[in-house]
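Open the model in your viewer and keep the selection tool at hand. The tour goes stop by stop.

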Amino acid sequence: MYEVLIWLTVWYLVMAFSEYFIHKYTMHKRTLLPEWIWRHHAIEHHKNNRNDLNVDLPFYMHLIVGSPLLTFAYFGYGLVSMLCLLLIFYFHSYTWTHVHRAIHGLEDHWITKTNYYKRAQKHHLDHHKRPAKNFGVVFLWTDHLFKTKYE
């Protein structure tokens, strides 16, 4: 049981930092990644208010992008580590997609009834006002940590 809690905590932190850095450094800056990634997010989603783009983060994207990490977890630390990482991937995919879709008016979901959603909604709408701030979508605390919280 302790092993599961430890791995869930480790992968939770890895996912929180990954969300923050991927959002900040690939979605808002041109990088070595294909230009369409930046263009869809920074130009179409933010500047042109295309709320139908970059709102979903499907589980399969976590599997594709996270495949090296899944391999590392399994071969480096075993099945429990990898299963915990898959659980965190699912949690992040589910939460990001439904919170983001609700914020942009694309669905009404049970998550919109939570206190977390109200904070996430304000946090994310502030991000749309100031795209250089508030990069956390699921993990709002990362912006406090990295001093990118829009006040």
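## Stop 1: H4 against H5

Select H4 and H5 and show side chains. From H4, Leu69, Leu70, Ala73, Tyr74 and Tyr77 meet Leu79, Ser81, Met82, Leu85, Leu86 and Phe89 of H5. Keep in mind that this is a predicted model.

Now switch to the axes. H4 covers residues 67-77, and its axis lies 6 Å from that of H5. The two helices pack at an angle of about 155 degrees. Angles over 145 degrees count as roughly antiparallel, so H4 is roughly antiparallel to H5.

## Stop 2: His92

Stay on H5, which spans residues 79-103, and select His92 there. Is His92 buried or exposed? His92 counts as buried, because its relative accessibility is 2%, and the cut-off for buried is under 20%.

Which residues is His92 in contact with, leaving aside neighbours within four places in sequence? Select Met15, Glu19, Leu57, His62, Val138 and Phe139.

## Stop 3: H1 across H2

Move on to H1, residues 2-27, and H2, residues 35-47. Their axes come within 9 Å and cross at roughly 95 degrees. The range for roughly perpendicular is 65 to 115 degrees, so H1 is roughly perpendicular to H2.

Show the side chains at the crossing. H1 brings His23, Thr26 and Met27. H2 brings Ile37, Trp38, His41 and Ala42 to meet them.

## Stop 4: the surface patch

Select Met1, Tyr2, Val4, Leu5, Ile6 and Val10. These residues form a nonpolar surface patch, and together they have about 640 Å² of accessible area.

Pick out Leu5, which sits in H1. Leu5 has 44% relative accessibility and therefore counts as partly exposed.

## Stop 5: Val55

Where is Val55? Look in the loop between H2 and H3, the helix of residues 59-65. With a relative accessible area of 1%, Val55 is buried.

Select what surrounds Val55. Beyond neighbours within four places in sequence, Val55 is in contact with His45, Trp96, Thr97, His100, Arg101, His104 and Leu106.

Finish with a distance check. Draw a C-alpha to C-alpha line from Val55 to Thr148: the two are 21 Å apart in space. In sequence, Val55 and Thr148 are 93 residues apart.

How values were computed:
Residues are numbered from 1 along each chain as its sequence is written. This is a predicted model: local features need pLDDT of at least 70, side-chain atom pairs count only at pLDDT 80 or more; totals for chains, interfaces and linings use all residues. Side-chain values use heavy atoms; hydrogens and water are left out. Patches are made of residues with over 30% relative accessible area and no salt bridge: like charges are joined within 9 Å, nonpolar side chains (Val, Leu, Ile, Met, Phe, Trp, Tyr) within 5 Å. Accessible areas come from the Shrake-Rupley method with a 1.4 Å probe; for residues, only the protein chains shown count as cover. A salt bridge is a side-chain nitrogen of Lys or Arg within 4 Å of a carboxyl oxygen of Asp or Glu. Helices (H or I, at least four residues) and strands (E, at least two) are DSSP runs, numbered from the N terminus. Buried means under 20% relative accessible area, exposed over 50%, partly exposed in between (1.4 Å probe, protein chains only). Contact means heavy atoms within 4.5 Å. Axes are lines fitted to C-alpha atoms, for helices over the stretch in contact, and angles run from 0 to 180 degrees between N-to-C directions. Angles under 35 degrees count as roughly parallel, over 145 as roughly antiparallel, 65 to 115 as roughly perpendicular and the rest as oblique.
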